[in-house]
Amino acid sequence: MKNLLLACFIGFCRASFAQEIKYTAANNDWDADSLGNQRVVLSIGDKANKLAIAANIDWRRSDEHAENKQVILVDASTNQRILNVTASITRENCSLRFEPTASRKYYLYYLPYKIDRKSNYPNARYLKPEVTAGKGWLDALLKTSSIDFAHVDCIESINQMNGFYPMEVIAKASEVKVLERKYPSKKYLVFPEDRLHPIKMKHDLPQRWILSGAKNVFHGEAAKGENYAYQLGVYPGSQDIKDVKVSFSDLKSKSGKSISSKVMLCINTNGTSYKGYPFTKQVDVAKGDVQAMWCLVDVPKGTAAGVYEGFATVTARGLAASPVKIVLKVDASTLKDGGINEPVKQTRLTWLNSTMAQQNEVIKPYTPLVVNGQSIALLGRKVILDNTGFPKNIETFFTPEMTEMTDRPKEVINQSISFMLEKSDGTKVLWKPNGLKFTNKTPGTVLWEAQNTLPGLRMDVTGSIEFDGFVAYTVKVTALQDMSFNDLRLHIPFNNKAAKYMMGLNLKGEKRPSAYEWKWDVIHKNQDGAWIGDVNAGLQYSLRDEHYVRPLNTNFYLQKPLLLPTSWGNDNKGGIRITENDSTVWVNNYSGARTMKKGEVLYYNFNLLITPFHPINTDFQWATRFYHKYNNLDTIKVTGATVVNIHHGTPINPYINYPFIAHDAMKAYIDEAHQKGLKVKIYNTIRELSNSAYETYPLRSLGHEIYSAGKGAGYSWLQEHLGDDCIAAWYVPEVKDAAIINSGMNRWHNYYVEGMNWLVQNVGIDGIYLDDVAFDRVTMKRVKRVLTRDGHPGIIDLHSANQYNKNDGFNNSANLYLEHFPYLNRLWFGEYFDYEKNSPDFFLTEVSGIPYGLMGEMLQGGGNPWRGMVYGMTNRMPWSDNADPRPIWKVWDDFGMQGTKMIGYWVESNPVKTNNPEVLATIYKKNKSALVSIASWAADDTTIHLQIDWKALGIDPAKATITAPEAKNFQPAANFKDGEDIKVEKGKGWMLIIKEG
């Protein structure tokens with residue numbers, strides 16, 4: 001009976017007149033997370049039928065399978081749900097009947113869903129249709145002979161952000177067929193569209209284009225100097241098309257003036273990589289899909305006002321060209337900044353191709369590279385090259401304390417790094433070098449080449465070193481004849497004294513094992529190398545090939561893991577074997593048996609990072625105190641904090657990694673902070689991007705260049721407006737900010753650098769807070785340059801959630817981000833770091849930052865303040881529970897930490913030790929006094945006494961006092977005598993002041 005009723009009703013509705021629908025946006029007037037983001041507003045007359053009202057709604061929905069989603073009808077005056085409802089639903093239309101109440105106004109909610117409201121990774125689950133109408137009402141409905149129609153007042157979205165009109169209001173299938181019949185000879189149609197209406201749907205034409213038709217002319221208006229953008233929507237109705245391109249002619253005025261085609265490009269096919277290299281892309285469009293081709297015109301400032309005409313011609317392989325006449329009216333106004341202060345006009349799309357700060361100029365505190373013969377000197381380090389092109393010695397010049405540099409070198413490797421071939425018969429052969437040649441020498445980068453040979457093989461080596469200690473090798477191995485061999489491996493011979501610790505390759509930061517074996521497992525593990533070193537000398541290396549692509553990280557590694565290097569991985573035959581022999585630790589990176597055909601090429605590329613990067617800056621640590629929360633500035637000032645970190649999801653920085661919408665409020669806050677002597681840093685990184693970004697749809701038009709491929713899902717906005725082929729990321733319920741995962745290394749990094757520069761110059765930010773990152777050192781250097789330009793402080797601190805877990809591929813946060821450390825000012829490691837169960841070696845290598853020239857803070861659970869203090873760390877207020885470092889700050893200030901010399905427990909000559917190797921002591925020494933920080937890793941409460949070298953400490957023991965200043969939640973006040981037993985609770989410690997006089 002129900003099907004019969006619907007069939008009769010549908011026929012009746014289709015015969016009725018379909019009214020033109022108005023679209024509006026509400027002001028968050030209902031609970032979208034239970035009713036959905038869309039509703040149809042219906043009204044009926046005073047004398048309407050009391051049994052049933054009909055409505056025919058041409059809602060033109062863009063979501064698939066609309067018939068499988070519930071609708072909810074509500075009395076607008078009481079908000080009570082009406083149950084006697086029946087409907088026939090398609091994407092194009094809804095034919096509705098319902099039993100009215102006394103009300104004259106009704107809301108039909110569609111796309112209702114349920115979510116976990118507290119989740120930061122929600123998934124909207126759309127409700128399935130259900131039968132709510134009673135049998136009696138359905139029977140009566142069959143018998144009625146008259147029915148009244150409701151008026152569709154409008155389709156209303158919960159807010160403007162969730163609106164579908166006009167670019168997500170679909171054309172009906174019948175309308176598309178009519179349109180296609182108008183152009184029978186065209187294999188594809190082109191729809192010019194202005195910049196204020198970004199093309200949003202990939203699989204549907206918008207109704208707007210049905211009404212306007214496929215035009216061959218576009219009219220636009222721009223100012224002089226404006227970064228002007230427009231779109232050409234390409235729609236192949238009858239077949240797939242390949243290699244879509246747009247070419248441009250000059251635009252000319254009747255007076256003979258012109259705008260050169262050289263200032264025009266299509267970002268979908270042409271661009272500049274994040275490394276500064278030009279590139280082209282092929283754009284293919286599947287039958288029935290829509291592709292937006294975003295075209296830019298950087299109107300020169302010297303352009304004369306007037307009307308300019310020319311052509312943008314769309315071509316596809318093997319098909320006729322489609323020229324579109326471009327008529328651009330240039331007015332008399334001039335924009336000095338290209339119009340970038342109005343990003344809603346897509347004026348910042350030109351940032352995607354920016355090369356700002358790309359030149360590899362030396363960044364403070366680093367010093368220019370100095371080449372002397374085959375040695376290259378840089379800040380605190382030296383590399384001496386062998387004729388093979390590989391290092392034969394790497395030295396560092398840092399004291400064990402890591403507070404200053406020294407003239408005494410410490411060898412990182414004690415023999416040459418070398419490749420060795422093992423022939424099929426087991427014979428081991430070294431390569432014959434043909435000489436080393438430097439190809440470029442600049443203050444920031446030195447490049448060299450070398451060639452090595454073996455019978456049947458040639459190895460072309462290209463090496464480079466940068467001012468921060470990053471060394472990159474491209475190692476091209478070419479078979480000069482068919483070859484089979486057992487192995488080609490890379491030997492890295494570490495000096496045993498510079499190989500105390502190891503981090504990576506399934507190992508947390510710990511004492512290096514004497515023997516170790518590792519195999520590739522890229523599907524599950526984000527591992528391709530390790531850091532091996534001591535506090536003041538070390539080396540990170542990673543194994544790559546020419547196909548290396550940075551994987552996703554921070555919860556998403558498994559969705560885009562590493563690619564197994566063809567050379568090193570060799571179908572999982574490769575691996576790493578570590579052995580120890582006398583004074584040398586041998587790290588053998590083997591690739592296993594293989595056959596190479598004549599002419600075949602393999603790339604055994606690898607990178608090195610020489611640590612430390614610079615001495616630690618203890619005075620910065622004592623004086624720079626972060627307050628990690630948006631709050632009243634006077635409230636922050638009285639805490640003693642000096643730098644405010646503004647997280648996303650706050651009133652002045654609401655949208656994750658897109659701090660450009662509330663920038664006026666942000667600037668006002670920062671200006672006030674500066675007046676009060678405070679600095680302000682903001683959350684802004686690359687990993688995911690807010691759906692509030694003005695450029696969301698132009699970026700989507702670039703395929704997977706900016707946004708990663710995925711299965712869709714996530715919060716309702718993502719499902720309703722992006723659909724599939726994306727990965728949902730962080731969500732902030734308070735502002736309903738739904739982010740999308742970035743794809744990795746791409747042009748968004750160029751935008752990011754430009755955006756950072758704009759924030760420094762126009763908003764006055766003092767730096768950035770990075771919450772894990774998905775970019776490499778190239779972008780980090782560029783960011784540091786723009787943040788520190790013109791004397792700005794450019795403070796950067798990095799937080800990382802512990803990456804050593806399944807979803808992150810069991811990588812160590814410090815290992816993953818070590819390439820960024822040269823440009824950081826502080827670490828905050830971090831969420832999910834266990835400060836109770838991990839060893840001092842873990843603290844030192846993975847948390848403190850000290851072996852790399854940095855210092856840090858603790859996060860999870862407020863950290864362990866006693867253990868943190870032996871590394872100069874506190875927690876950060878007021879982000880997490882128990883995060884109040886002020887009692888420790890007070891001890892610092894009362895003692896006078898500025899100018900002290902930090903001597904860590906790892907320094908053999910530390911003048912203050914304990915008699916228990918599980919209770920460690922670090923001192924902060926100045927004239928005639930020292931603050932001694934003690935922390936216990938003992939399994940139980942214990943008793944220790946201090947072992948003090950009074951002469952080295954510079955204090956007369958006869959005049960010395962040992963006191964423990966009171967520090968709330970840390971320790972009570974106490975006095976001790978030299979040699980007296982000191983009780984230390986499990987997992988705790990003391991801060992003692994030893995003072996003469």
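## About the model

Because this is a predicted model, local features need pLDDT of at least 70 and side-chain atom pairs count only at pLDDT 80 or more, while totals for chains, interfaces and linings use all residues. Residues are numbered from 1 along each chain as its sequence is written, and side-chain values use heavy atoms, with hydrogens and water left out.

Let us start with strand 29, which covers residues 418-423. Helices (H or I, at least four residues) and strands (E, at least two) are DSSP runs, numbered from the N terminus. Five of the six residues in strand 29 are buried, so the rest of the structure largely encloses this strand. Here, buried means under 20% relative accessible area, exposed means over 50%, and partly exposed lies in between, using a 1.4 Å probe and protein chains only.

Strand 29 pairs with strand 35 (residues 483-495) through six bridges, and the two run antiparallel. Two strands pair if DSSP finds at least two bridges between them.

## The hairpin with strand 30

Strand 29 is also joined to strand 30 (residues 428-430), again in an antiparallel arrangement, by three bridges. Glu 422 has Lys 428 of strand 30 as its bridge partner. The hairpin of strand 29 and strand 30 has four residues between the strands, and Gly 426 takes a positive phi near 90 degrees there.

## Two cis peptide bonds

Most residues other than glycine have a negative phi, and most peptide bonds are trans. With that in mind, have a look at Tyr 165 and Pro 166, which are joined by a cis peptide bond with omega of about 0 degrees. Pro 166 sits in the loop between strand 11 (151-157) and helix 4 (173-182).

Another cis peptide bond links Phe 829 to Gly 830, with omega of about -15 degrees. The loop that holds Gly 830 lies between strand 54 (826-829) and helix 15 (840-848).

## Positive phi outside glycine

Tyr 832 is in the loop between strand 54 and helix 15. Although not a glycine, Tyr 832 has a positive phi of about 65 degrees. Its relative accessibility is 56%, so Tyr 832 counts as exposed.

Ala 357 is not a glycine either, yet has a positive phi of about 60 degrees. You will find Ala 357 in the loop between strand 23 (322-334) and strand 24 (370-372). With a relative accessible area of 13%, Ala 357 is buried.
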